[in-house]
Amino acid sequence: MIRPDWPAPANIIAGTTLVDTPDDALPDGIARLNQVHGSRVVSIDEARAAAEPQDADAVTGFAVGHVCAIRTADCLPVLFCARDGSEIAAAHAGWRGLAAGVLENTVMALGSRPTELLAWFGPAISQANFEVGDEVREAFMAQDPGAAQCFAANERGRWQADLYALARRRLVTAGVTDIYGGDWCTYADAARFYSYRRDPGCGRMVSFIALK
């Protein structure tokens with residue numbers, strides 16, 4: 001699996017699975033979410049206590065043994081940890097959730113100040129392969145006119161959207177400046193990553209972060 005290259009404290013374990021990662025490589029205790037491309041954040045205690053997976057796109061953890069995880073196949077997984085190792089979170093940031101504020105809500109759900117958080121971008125679809133319509137660009141520009149620089153016009157009259165750049169803008173505005181990762185393309189790398197745009201029937205990678 002891919003391990004984040006970031007200065008997380010020693011009590012943090014994190015990673016993203018690949019298409020050939022065995023199931024037993026994941027830590028025990030992952031609480032499943034019913035990801036709905038929204039902005040709701042739940043604590044891992046809420047997720048574990050519920051009879052059914054919670055409709056949410058981010059989860060937070062605060063205790064030893066907590067494992068926060070989300071599933072993606074082109075959407076952007078974002079992992080968070082406090083610089084002192086006291087808390088963690090995982091967020092699922094497709095364009096809808098990103099525009100709705102899932103990353104800002106995750107930052108607010110954590111107890112640390114934003115400047116004391118580290119964030120890591122796992123594998124997502126790259127700008128070169130993420131074509132969107134006017135409605136996507138307008139959704140971001142309505143909140144942040146500067147987001148226009150994250151979209152490049154293509155010859156079909158549509159836009160190539162940079163999820164990584166959009167997420168970085170949102171986090172920096174929320175006060176999180178220590179941001180790592182964001183160097184992959186799930187669509188282009190079929191040997192390692194699932195991609196819904198390439199294959200709608202594909203599986204999902206799991207991005208997780210745990211307090212040991």
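1. Glutamate 131 sits in strand E10 (residues 131-132); strands here are DSSP E runs of at least two residues, and helices are H or I runs of at least four, numbered from the N terminus. This is a predicted model: local features need pLDDT of at least 70, side-chain atom pairs count only at pLDDT 80 or more, and totals for chains, interfaces and linings use all residues. Residues are numbered from 1 along each chain as its sequence is written, and side-chain values use heavy atoms, without hydrogens or water.

2. Glutamate 131 counts as buried because its relative accessibility is 18% (buried: under 20% relative accessible area, 1.4 Å probe, protein chains only). Beyond its neighbours within four places in sequence, glutamate 131 is in contact (heavy atoms within 4.5 Å) with Asn154, Arg156, Arg158, Trp159, Gln160 and Arg197.

3. Helix H3 (residues 102-109) has Val102, Leu103, Thr106 and Val107 as its buried residues. They lie on the same side of H3, because they cover an arc of only 140 degrees around the axis (taken from the directions from helix axis to C-beta atoms).

4. The largest pocket has a volume of about 400 Å³. A pocket is an open set of points on a 1 Å grid where a 1.4 Å probe fits, with protein on both sides within 12 Å along at least five of seven lines; lining residues have an atom within 4 Å of a point. Its volume is the space filled by probe spheres set on the points.

5. The lining of the largest pocket has 22 residues, with His37, Asp74, Cys75, Arg96 and Tyr196 nearest its centre. Strand E6 (67-72), helix H2 (95-100) and helix H4 (134-141) each give two or more residues to this lining.

Terms used: Buried means under 20% relative accessible area, exposed over 50%, partly exposed in between (1.4 Å probe, protein chains only).
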